[in-house]
Amino acid sequence: MPCVLLAVQNSDKLSHRDRVAGIILAGNANNIWTKEDIAIVRDAIANALSGSVLVVDYEIAPFIVEVTMNAACERDFPVILDPSPADRVKQNLFSQVTYQASIIANQRK
């Protein structure tokens, strides 16, 4: 999945109706994690405020999801997992999930 960034033109002189928002797509940007990023992820979780909650999905590299969930569990942070895309999900991590988002595929009225 592409990374989606929201860019908002912000100015004190603009009303909320005049502000411009846009989306920038960078294909496969969420997958460009390296093994060197593991320390950064662990450090971010280690320095998170007490009472923090991890919300994560598999649109980022699966090994980063695993590292992040493990680090959150070490801090006793609740973990909310959106298990999508489903083909990337590691079932063995479900024991660390506090809450799981539901997947409803192709449901139409």
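I began with the surface: the protein exposes about 7900 Å², and carbon and sulfur atoms supply 53% of it. Accessible areas here are from the Shrake-Rupley method with a 1.4 Å probe, and for residues only the protein chains shown count as cover. The model is predicted, so I note its terms: local features need pLDDT of at least 70, side-chain atom pairs count only at pLDDT 80 or more, and totals for chains, interfaces and linings use all residues. Residues are numbered from 1 along each chain as its sequence is written, and side-chain values use heavy atoms, with hydrogens and water left out.

**Entry: overall layout**

I looked up the secondary structure and found two helices and five strands. Helices (H or I, at least four residues) and strands (E, at least two) are DSSP runs, numbered from the N terminus. From the N terminus on, the order is β-β-α-β-α-β-β.

Next I checked burial. Of the 109 residues, 24% count as buried. Buried means under 20% relative accessible area, exposed means over 50%, and partly exposed lies in between (1.4 Å probe, protein chains only).

Then I turned to contacts, meaning heavy atoms within 4.5 Å. Among contacts between residues at least 6 apart in sequence, 59% join residues at least 24 apart.

**Entry: helix α2**

I tested the length of α2, residues 62-74. The expected span of a helix is 1.5 Å times one less than its number of residues. For the 13 residues of α2 that gives 18 Å, and the end C-alpha atoms are 18 Å apart, which agrees.

Which residues of α2 are buried? I list Ile-64, Val-65, Val-67, Thr-68, Met-69, Ala-71 and Ala-72. An α-helix has 3.6 residues a turn, so residues three or four places apart point the same way. The buried residues of α2 pack against α1 (37-46), β3 (54-57) and β4 (79-82).

**Entry: the nonpolar core**

I define a nonpolar core as a set of buried Ala, Val, Leu, Ile, Met, Phe, Trp, Tyr and Cys residues joined through side-chain atoms within 4.5 Å. The largest one has 20 residues. Those with the most contacts inside this core are Leu-54, Val-56, Tyr-58, Ile-64, Val-65 and Met-69. α1, β3, α2 and β4 each supply at least two of its residues. α2 gives the most, with six residues. As background, nonpolar side chains tend to be buried together in soluble globular proteins.

I went to Met-69 in helix α2. Met-69 counts as buried because its relative accessible area is 0%. Leaving aside neighbours within four places in sequence, Met-69 is in contact with Leu-54, Val-56, Val-79, Leu-93, Gln-96 and Val-97. Met-69 and Leu-54 are 15 residues apart in sequence and 7.6 Å apart in space, C-alpha to C-alpha.

Val-79 sits in strand β4. Val-79 is buried, with a relative accessible area of 0%. Beyond four places in sequence, the contacts of Val-79 are Leu-54, Met-69, Ala-72, Cys-73, Gln-96, Val-97, Thr-98 and Tyr-99.

Leu-81 also lies in strand β4. At 0% relative accessibility, Leu-81 counts as buried. Not counting residues up to four places away in sequence, Leu-81 touches Val-56, Asp-57, Tyr-58, Phe-94, Val-97, Tyr-99, Gln-100 and Ala-101. Leu-81 and Val-97 are 16 residues apart in sequence, with C-alpha atoms 6.4 Å apart.

**Entry: loops and backbone**

Most residues other than glycine have a negative phi, and most peptide bonds are trans. I noted two departures. Asp-76 is not a glycine, yet it has a positive phi of about 60 degrees. Asp-76 lies in the loop between α2 and β4. Is Asp-76 buried or exposed? Asp-76 counts as exposed because its relative accessible area is 67%.

The other is the peptide bond from Ser-84 to Pro-85, which is cis, with omega near -5 degrees. Pro-85 is in the loop between β4 and β5 (99-100).

Asn-92 lies in the loop between β4 and β5. At 54% relative accessibility, Asn-92 counts as exposed.

**Entry: rings**

I looked for a charge over a ring, which requires NZ of Lys or CZ of Arg within 6 Å of the ring centre and within 35 degrees of the ring normal. The charged end of Lys-35 sits over the ring of Phe-63, 4.3 Å from its centre.
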